[in-house]
2 protein chains.
Amino acid sequence: MSNIELPLLLPESKLKRIVIAGGGFGGLQLCKELRGQNYEVVLIDRHNYHTFQPLLYQVATAGLEPDSIAYPFRKLFKHYPNFYFRLAEIEKIDHQQNSIVTDIGILEYDILILATGSTTNFYGIEGVKKYAFPMKTIPQALDLRSIILQNFEQALPITNELLLNEQINVVIVGGGPTGVEMSGALGELKNNVFPIDYPEIDLSMMQVYLVEAGERLLSGMSKQASAKALKYLEDFGINVMRSSSVKDFDGKTVLLSDGKTLSAKTLIWAAGVKGNIPEGLPEQQVTKTSRLKVDRYCKVQEFENIFAIGDLAYMEEEKYPGGHPMVAPVAIQQANFLIKHFNRLKNNSKTTPFCYKDKGKMATIGRNKAVVDMKGFKFQGIFAWFVWMFVHLMSLVGFRNRVVVLIDWFYNYISYDQALRLIIRPFKRR
Amino acid sequence: MSNIELPLLLPESKLKRIVIAGGGFGGLQLCKELRGQNYEVVLIDRHNYHTFQPLLYQVATAGLEPDSIAYPFRKLFKHYPNFYFRLAEIEKIDHQQNSIVTDIGILEYDILILATGSTTNFYGIEGVKKYAFPMKTIPQALDLRSIILQNFEQALPITNELLLNEQINVVIVGGGPTGVEMSGALGELKNNVFPIDYPEIDLSMMQVYLVEAGERLLSGMSKQASAKALKYLEDFGINVMRSSSVKDFDGKTVLLSDGKTLSAKTLIWAAGVKGNIPEGLPEQQVTKTSRLKVDRYCKVQEFENIFAIGDLAYMEEEKYPGGHPMVAPVAIQQANFLIKHFNRLKNNSKTTPFCYKDKGKMATIGRNKAVVDMKGFKFQGIFAWFVWMFVHLMSLVGFRNRVVVLIDWFYNYISYDQALRLIIRPFKRR
């Protein structure tokens, strides 16, 4: 189909138009910083809402409803002057025409800021790609919630021990924050909820495995945090397998690098991500991990008016020779930096390159159990857990969402019960 | 496939086994009343949760999250002695074998109580069946939420007025409580939310039609209530078309009985229900509206051990010569009656036939606007609205759900804003 047939998504603007591709943490911050500035701002995203990804695992484990970690863009940016949102899928960047081709039309830009984030990296393992559950979007988290519950419902008539193992075991791959938090939440379901919901099933037949390729969990955090996370998970009864990786998966059996196998129909893939790069950009600007090379001012090399921030952007800083970690604070800081940088350029002020300020890292394992590394001090346990909760609650978008999440957490805490065990849309296994 | 190949869903029981088919209002009440009695109780349902149907329309219009009007059966009935739940689809009743054939196996019963409720009645209009949106389940309500929002997102590039009408108009068929409440909620979205979310669209191009075959809305209520509901809806700008019915629909144009047409891609069908009768029962016991004939003791004629309650059951009482209205209170009262009846039979006490006690009816149209008919007095307006909210809040299952719904309502009330405008799973039009 020729581009000429596609409609323009917006008429020409008198103001300089900044198009922001992607409404994750970085894209959202860009929109906020650009409020009231002398630009036309267009946000384009394939969802009509922002997803608070750090809590996806709680949706997948029936602790939170999806609607509380999502926030509609149009509600967020209502009354913003010269702001437009377009729900569309990017098909390619046509940098020669300064335009984006989407599934619903063409969008022209003066400045393009790519904040399309990252997508699951299956490292080319076909069986994993076909059968594993990723957890990067709300529909994926809901599929996981459904399948974890369906596994148990369908396990009831199974009398063969091996088949029962296969049916209710869960293997989580990747010992970063997502894998560790998901393992902890599954451990709580296994210990506190499933024995009451399914008294007919012997819960000792369910094994939860956490497979991590490296020597320690939470490799981005301190050794102290890693050791404590390992202890917490083992106390929960999680089988943590370090220095081990997945070679293949056929939907029933997981083949590990050392030749051992694990029986499980449910494999949760939290082992890695790669940059979510739109088509149409020169290949020489893409790294091996699918990130887009940018200079210290978030500018994509070769272009004058295309920028990238967040997970997608590969920037080499002295302290981060292999690029920044793919986490929300980098995206948010880059968003703040970039808009400040634009204003400095406009005012002919002195510009300074981006520097990431790491304010700390944290992960939670379960009730009263979290690990926190902050500049200068590291702590674990109940206080860390309260800090984790407070930080996540405050980072959530919208007052209503904060209140409902707080109620859910309070309820879960006093009742030892993840209440939202609903199979709203049953998942059909491939 | 021969039945012999199918597994038994439960081993033989020493206790007398009561199987309850369907966990709606009636089925739920049966389970509660049977708690601790000398039976084995098995609940079978195709969802793993109870749906609070009266609030489905608020899920469809972004006012409530689905998780707050659903409640997992296993959570509800945990710690109930001799209680079992099976997530299964009923394929047929094999009354000669005293068993139910389901998609996952055979379930034998001593006593069978059918509480499978009702399903949407399209009255054989193929176009409506193919293209209209029913609203009897949570996934259906979520599909509606998605399509109403998708309609607007996709309307943005449309410049032709007729095509724009077709894209954003909504036709609701059926002037009972569901149709009236849905119309009111859509009116609020149109008046308060969409003008702010979509400043690019001229909202005067959106028409909401409510089509009712009879002379008045809410025909089950008083004339006073009907008149007030009509006035409220017309104040909202809803086009109420009485004495009019739908003859056909091709996905774009609604053909009415008088030959007129309405342009709309979105048709919500709340025009009628019919009994949801499992296969395998003798045809002579089924009425023209697909309800199952029962005697005054909820017993299905011809059988000694099959009973039916609620929407499914057709019982002729002096005051209700055409059967009871298909509403929750009938189902709940029949559940209470039936278990009491069983106990009377066991104790050789005197049994009396079922009599429905109508405690009143109500419907809401929007903020501060509701109509209530109660024995002796009828009222409308803000007090009726508070009564409506209180009754629905108290009828919801679960403390957490009540708290979250209350917060949502409070938030909606102060902000004039239905907050959950999320297209989680986009709906693909046929």
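User: Before I look closely, what pLDDT does chain A average?

Analyst: Chain A averages a pLDDT of 96, with 99% of the residues scoring at least 70, and please keep in mind that this is a predicted model. As for the scores of the model as a whole, the ipTM is 0.95 and the pTM is 0.96.

User: OK, how many residues of chain B are in contact with chain A?

Analyst: On the side of chain B there are 43 residues in contact, and they meet 43 residues of chain A. Between them the two chains bury about 4,300 Å², and 58% of that area is on carbon and sulfur atoms.

User: Which residues in chain B lose the most area to chain A?

Analyst: Those are R74(B), R400(B) and R425(B), which together account for 17% of what that side buries.

User: And what does the side chain of R425(B) meet in a salt bridge?

Analyst: The partner of R425(B) is the side chain of D143(A), with a distance of 3.1 Å from N to O.

User: What about polar contact, how many residue pairs?

Analyst: Counting pairs with both residues at pLDDT 80 or more, the rule finds 22 residue pairs in polar contact across the interface of chain B and chain A. The elements of chain B that give two or more residues to the side touching chain A include β5 (83-87), α7 (177-197) and α11 (399-415), and the largest share, 7 residues, comes from α5(B). By residue class, that side of chain B divides into 25 nonpolar, 2 polar and 16 charged.

User: Switching to symmetry, what rotation superposes chain B on chain A?

Analyst: A rotation of 180° does, with 0.0 Å of shift along its axis and an RMSD of 0.0 Å, and the two copies are therefore related as by a two-fold rotation axis.

User: Which residue of chain B comes closest to that axis?

Analyst: That is V404(B), whose C-alpha is at 3.2 Å from the rotation axis.

User: Why do you say the copies meet through the same surface?

Analyst: Because 100% of the interface residues of chain B are also interface residues in chain A.

Definitions and conventions
Residues numbered from 1 in each chain as written. Chains lettered and ligands numbered in written order. Heavy atoms only, no water. Contact = heavy atoms within 4.5 Å. Buried area = accessible area lost by both parts, 1.4 Å probe. Salt bridge = Lys/Arg side-chain N within 4 Å of Asp/Glu carboxyl O. Polar contact = N/O pair within 3.5 Å; in protein donor to acceptor, adjacent residues only side chain to side chain. Helix = DSSP H or I, 4+ residues; strand = E, 2+ residues; numbered from the N terminus. Nonpolar A, V, L, I, M, F, W, Y, C, P; charged D, E, K, R; others polar. Least-squares fit on C-alpha atoms with pLDDT ≥ 70 in both. pLDDT = per-residue confidence, 0-100.
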